[in-house]
Amino acid sequence: MSYVIVGSCVNDAVCTEVCPVNCIQPTPDARDFATAEMLYINPALCIDCHACAEACPVDAIYPAERLPPEWSAYREINAAFFKPGTRS
């Protein structure tokens with residue numbers, strides 16, 4: 001299981017600071033951070049520690065298995081961000 005960031009993300013990067021495995025991208029030092037609409041959790045790296053969800057000031061992070069129906073598409077949106085060839 002992993003966590004998923006949804007469309008209400010405000011891209012403030014608080015979650016990237018608390019993630020012990022650096023599975024949230026882009027980070028503030030990444031070239032594409034300034035233009036990113038939101039942040040994404042790599043489901044292959046997430047260790048389900050809950051630190052990101054606790055730190056999120058806008059409650060935009062959910063456990064994948066408890067994702068509200070209105071945000072269900074974000075499970076694939078997060079995963080797709082990390083697939084080769086899906087971003088420039």
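Thr27 touches Thr16 and Phe33, leaving aside residues up to four places away in sequence; contact here means heavy atoms within 4.5 Å. Thr27 itself sits in the loop between β2 (24-25) and β3 (40-41), where strands are DSSP runs (E, at least two residues) numbered from the N terminus. The Thr27 side chain also makes a polar contact with the side chain of Asp29, at 2.4 Å. A polar contact is a pair of N or O atoms within 3.5 Å; within protein, one must be able to donate a hydrogen and the other to accept it, and residues adjacent in sequence count only if both atoms are side-chain atoms.

A quick word on what you're looking at: this is a predicted model, with local features needing pLDDT of at least 70 and side-chain atom pairs counting only at pLDDT 80 or more, while totals for chains, interfaces and linings use all residues. Residues are numbered from 1 along each chain as its sequence is written, and side-chain values use heavy atoms, with hydrogens and water left out.

Now for the rings. Searching the whole structure turns up 3 aromatic pairs. Rings of Phe, Tyr and Trp (its six-membered ring) pair if their centres lie within 6.5 Å, and planes under 30 degrees apart are stacked, over 60 edge-to-face, the rest tilted. Trp71 and Tyr74 make an edge-to-face pair, 5.5 Å centre to centre with 65 degrees between the planes.

How buried are they? Tyr74 counts as buried at 19% relative accessibility, and so does Phe81 at 13%, whereas Phe82 is partly exposed at 22%. Buried means under 20% relative accessible area, exposed over 50%, partly exposed in between (1.4 Å probe, protein chains only).

Note on methods. Helix = DSSP H or I, 4+ residues; strand = E, 2+ residues; numbered from the N terminus.
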